[in-house]
Amino acid sequence: MAAILSFYQSLIHSLNKVKDQYWDTILSPTRPFFQLKLGEVWNSRDLLWLFTKRDIAQLYKQTILGPLWFFLQPLLTTIVFTVVFGGIAAMSTDGIPPMLFYLAGQVFWVHFAEVLNKTSTTFRDNQSIFGKVYFARLIAPLSVVLNSLIKFGIQLTLFVIIYLYFILFEGTPIQLHWQAALLPVLIILTGLMGLGMGLIITSLTTKYRDLTFLVTFGVQLLMFITPSVIYPLSEVSPEYRFLAGLNPLTAVIETFKYGFLGEGTFSWLYFGSSVVTTLVLFLAGVLIFNKTEKNFMDVI
Amino acid sequence: MAKPVIKVENLSKQYRLGGYGSGTLTDDLKRWWANARGKEDPFIIIGESNDRSVASESQYVWSLRDINFEVQQGEVVGLIGKNGAGKSTLLKVLSKVTGPTLGKAYLKGRVGSMLEVGTGFHPELTGRENIFLNGTILGMRKKEVAKKLDDIVEFAGVARYLETPVKRYSSGMTVRLAFAVAAHLEPEILLVDEVLAVGDAEFQKKCLGKMGEVSKEGRTILFVSHNLGSMRRLCNRGVLLQNGEMAYVGNIDTALEKYLNSGGTDDDGDASNSVSFDLNDSMVQLTEIAVENSQGEGKSTYYYGEKIYVNIKYVARQDTRNIGIRIAVSRNGETLFLSQDTDIEEELLGKKAAGEYAVRVAMPGFLKSGLYTISVYLMEVGVPKEEKIDILKFVLDDSNTDTTNKSFASDKPGILRPHLTWEYVEFPVPV
C-alpha cells in the first residue's frame with residue numbers, strides 16, 4: 001500500500017515538473033521506468049468507447065443470429081461438460097446442480113480467456129494503425145476488455161435465467177452468502193488478470209514470436225489446471241490444494257460459487273492473494289507494454 | 001514575438017538492416033551487458049549513413065543523424081529530400097510513433113499527424129461513424145468532431161452517403177472524407193506526410209488552400225511533399241535532408257535550390273549545361289543538348305538580361321516525317337511552359353531528309369530568378385519517342401539587377417518577371 005502511495009506521489013510530482021516547463025512534450029530515447037500513462041488513457045476515453053463500438057458493430061453486421069451466438073457458445077460447452085464430466089466421468093460438483101456449476105465456471109473462464117487471447121496479439125493486430133498515428137496505446141487492449149465484458153454480461157444473464165429456473169421449477173435449495181456482493185470486484189479481477197497477462201505476452205512477442213505458439217494451446221491447458229472450471233477446489237488432493245487455491249482465477253470462481261450457489265471455498269487468504277496477484281500482473285503488464293510501445297514499430 | 005514550438009536536438013534514429021528485430025539475441029546481450037556497466041550502446045558507434053546506393057558494410061544504418069532545427073509558431077516548414085532521406089522517419093519520431101535512438105525533441109502544444117490518409121477507417125462503419133472514429137484517433141474529442149461534422153461533410157462532399165458503410169464508397173470518396181477529417185483537426189502543430197498525392201487536381205487545390213488557412217491561424221505545419229510547386233507556395237522555411245543528415249535549414253527557396261542542385265529529383269539524373277548521347281540504331285535520335293548564352297558560353301549560372309539559348313542536335317538516318325522537338329521548362333521543380341518547334345511553323349512536320357539537324361531556341365526574357373531545368377522530347381506524331389527529363393539545369397541569378405522593393409523580387413509570389421508597360425491614361429486635373 002505504502003509502495004503504491006509513494007508511487008502515486010512520484011507520479012504527481014513528475015506531472016507537476018513537466019507543467020512548470022515551457023515544453024509540453026519531450027521526446028527522448030529513454031523514458032522513466034515507472035510510467036503508467038493512465039492520465040493519457042483517461043483523456044482518450046472517447047476513443048475507447050468508439051473502438052468498442054466499432055468491434056461490436058463488426059461482429060453483428062451481416063449476421064442473422066447476432067448476439068445470440070454469445071448464448072450458444074457457453075450453453076453448448078456447459079451441456080458437453082455436464083454430459084462428459086458430470087455424467088460419464090461422474091465428477092463431483094460440490095453438490096451444486098452440474099448445469100449451474102459448469103456454466104458459472106464457463107462464464108468467467110470465457111471472459112478471462114478471451115481477454116488474454118485477444119490482448120496478447122495487440123501489437124500485431126494494430127501494427128498498421130499504431131505505425132501511422134499516436135494515441136494512448138492502452139486504448140486498444142482496453143477496448144478488448146470492454147468488448148469481452150459486454151459478452152460476459154450477456155452470458156451472465158443466461159446464467160441468471162438458468163439459476164432462477166433451478167430455484168423456481170426444480171426447487172433446488174440454494175443459500176446466498178454475502179460474498180455475492182463481491183460480484184463487481186470479481187468481474188474486474190477477471191478482466192485485469194487477462195489484460196495483465198495479455199499485455200506482457202504481446203510485449204514479449206514483438207521481438208520473439210515464439211510465445212504466440214505457447215499462448216494458443218497454453219490457454220486451453222490452463223483451463224485444466226484451474227480448479228473450479230471443471231472440478232471444484234475441494235476435490236483437489238490436500239497436498240496441492242493450497243497451491244491450486246493461489247491460482248487467482250480459481251479464487252474468483254470459487255468466491256462466486258460460494259456467494260451465489262452456497263457451495264465452494266471462500267477464504268480471505270485465497271481471495272486476497274488473487275487481488276494482489278492480479279494487481280501485480282496488471283501493473284507489470286502496463287509498464288512493459290508502455291516500454292515496448294515506444295519502439296515496437298522498428299522490430300515487429 | 002518569435003515563439004519556438006518545435007526544437008530538435010541532435011535527433012538520431014538507427015535501424016538494423018535485413019532480418020527482424022532490433023538485432024540478434026547476441027547483439028541484445030552485448031547491448032544489455034554494456035548497459036549494465038553503464039556504457040554506451042556498442043552499436044550506436046558503428047552505424048553508417050543511409051546512402052542506399054552504396055552496399056553497406058555495417059548492419060546498422062542511421063536513418064536520421066544529428067538533426068538540429070527549431071520551428072517558430074505559425075511557420076510552415078517543408079521537409080525536402082530524396083526517397084529514403086529520412087523525411088518520413090523524422091515525422092514518425094516527432095509524432096511519437098517511434099522513439100529516437102539518440103537526441104531529443106521538444107514540442108509545445110497539441111500535435112496532430114497525418115502520415116497516411118484514413119488511418120483507422122473501418123469499411124463496415126458508415127461515413128458518419130468513421131468521421132468520429134478517425135477524428136478521435138487523430139486526437140480530437142467526440143464533442144469537437146460533432147461540432148465540425150457539418151464542415152467536414154461539406155468539405156468532403158459526401159452528404160448523400162453519410163449513412164452508407166465506407167466499403168461502398170469509391171476510393172476517391174474515401175480519400176476525400178479522410179482528408180476532410182484530418183484537415184479539420186485543430187492541433188497547434190500539424191505533421192503532414194505526402195498525402196496530397198491522392199485525390200483529383202481540384203481536391204488537391206482545395207486541400208492546399210485549407211492548409212494555407214490553417215497556417216494563417218497561427219498553427220505550425222511540418223510538411224513533406226514531392227510537389228515542389230506546392231511546397232514553395234505553402235512553406236516559408238525548408239529543411240533539406242540528405243541520407244539522413246541535415247544538409248540545409250533556412251529559406252525555402254534556397255533549400256529547394258540546393259535540393260535540385262544536389263541531383264534533385266528522384267531519378268538521380270546528372271543534369272548539367274551540356275549533354276551528348278551515344279549513337280544507337282534508332283531511325284531518329286537526339287545526339288546533343290546544350291544551354292549557352294549569346295557568346296556561346298555554357299555556364300551553370302546566368303544573370304538576368306543575358307540571352308539564354310537551348311541547342312538541340314538530332315540525327316535522322318533516313319528520310320522521315322512527323323518529327324518534332326519539344327522542350328519543357330521548369331523553375332524550381334514546377335513546369336512553367338512547353339514549347340515545340342512545330343507549334344508555329346507546322347510545315348516543319350513535313351518530310352525531312354536524312355542527316356544531322358541542329359535547332360536553337362531562345363529562352364523568353366520574362367524568366368524570374370531561380371533554378372531552371374529543361375526537359376527535351378523528340379516527338380513523333382504528337383507522342384514522345386525519346387524523352388530526356390530535366391536533362392539541362394542552370395540557375396538564373398537576378399543579383400545583377402536591383403530588386404529591392406520591386407514586385408518581381410524572388411521572395412515575392414509569382415513565377416514570372418514580365419516586363420509590362422504601365423500607362424496612365426488619365427491624370428488628375430490640377431486644382
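Student: In S8(B), which residue is the bridge partner of B:Val77?

Tutor: In S8(B), B:Val77 has B:Leu222 as its bridge partner. Before we go on: this is a predicted model, where local features need pLDDT of at least 70 and side-chain atom pairs count only at pLDDT 80 or more, while totals for chains, interfaces and linings use all residues. Residues are numbered from 1 along each chain as its sequence is written, chains are lettered from A and ligands numbered from 1 in the order in which they are written, and side-chain values use heavy atoms, with hydrogens and water left out.

Student: What about S9, is the pairing with S4(B) parallel or antiparallel?

Tutor: Parallel: strand S9 (residues 237–242) of chain B and S4(B) pair over 4 bridges.

Student: Are the residues of S4 buried or exposed?

Tutor: Strand S4 (residues 76–80) of chain B has 5 of its 5 residues buried, so it is largely enclosed by the rest of the structure. Buried means under 20% relative accessible area, exposed over 50%, and partly exposed in between (1.4 Å probe, protein chains only).

Student: Which residues sit on which side of S4(B)?

Tutor: B:Val76, B:Gly78 and B:Ile80 are on one side, with B:Val77 and B:Leu79 on the other, and both faces are covered. In general, side chains in a regular strand alternate between the two faces of the sheet.

Student: Zooming out, how many helices and strands does chain B have?

Tutor: Chain B has 9 helices and 19 strands. Of its 431 residues, 47% are buried.

Student: What order do the strands take in the sheet with S19?

Tutor: That open sheet has 5 strands of chain B, in the order S13-S19-S18-S15-S16, and the pairing is mixed. At its edges are strand S13 (301–303) and strand S16 (334–340) of chain B, each pairing on one side only. Inside chain B, strand S18 (residues 370–380) runs antiparallel to strand S19 (residues 383–397), joined by 10 bridges.

Student: Which strands form the antiparallel sheet?

Tutor: There, 4 strands of chain B form an open sheet in the order S11-S12-S14-S17. Strand S11 (274–276) and strand S17 (355–362) of chain B stand at the edges with a single partner strand each, so one side of each has no neighbour in the sheet. S11(B) pairs with strand S12 (residues 284–293) of chain B over 3 bridges, in the antiparallel sense. There, B:Ser274 is opposite B:Ala290 in S12(B).

Student: New topic: which residues other than glycine have a positive phi?

Tutor: Two to look at are A:Ala90, with a phi of about 50°, and B:Asp390, with about 45°. Most residues other than glycine have a negative phi. A:Ala90 lies in the loop between helix H4 (68–88) and helix H5 (98–119) of chain A, and its 56% relative accessibility makes it exposed. B:Asp390 is in strand S19 of chain B and counts as buried, at 18% relative accessibility.

Student: And where is B:Lys206?

Tutor: B:Lys206 is in helix H7 (residues 201–216) of chain B. Its relative accessibility is 34%, so B:Lys206 counts as partly exposed.

Student: What does B:Lys206 touch?

Tutor: Leaving out residues up to four places away in sequence, B:Lys206 touches B:Glu154 and B:Phe155, where contact means heavy atoms within 4.5 Å. B:Phe155 is 51 residues from B:Lys206 along the chain, and their C-alpha atoms are separated by 8.7 Å.

Notes: Pairing = 2+ DSSP bridges. Helix = DSSP H or I, 4+ residues; strand = E, 2+ residues; numbered from the N terminus.
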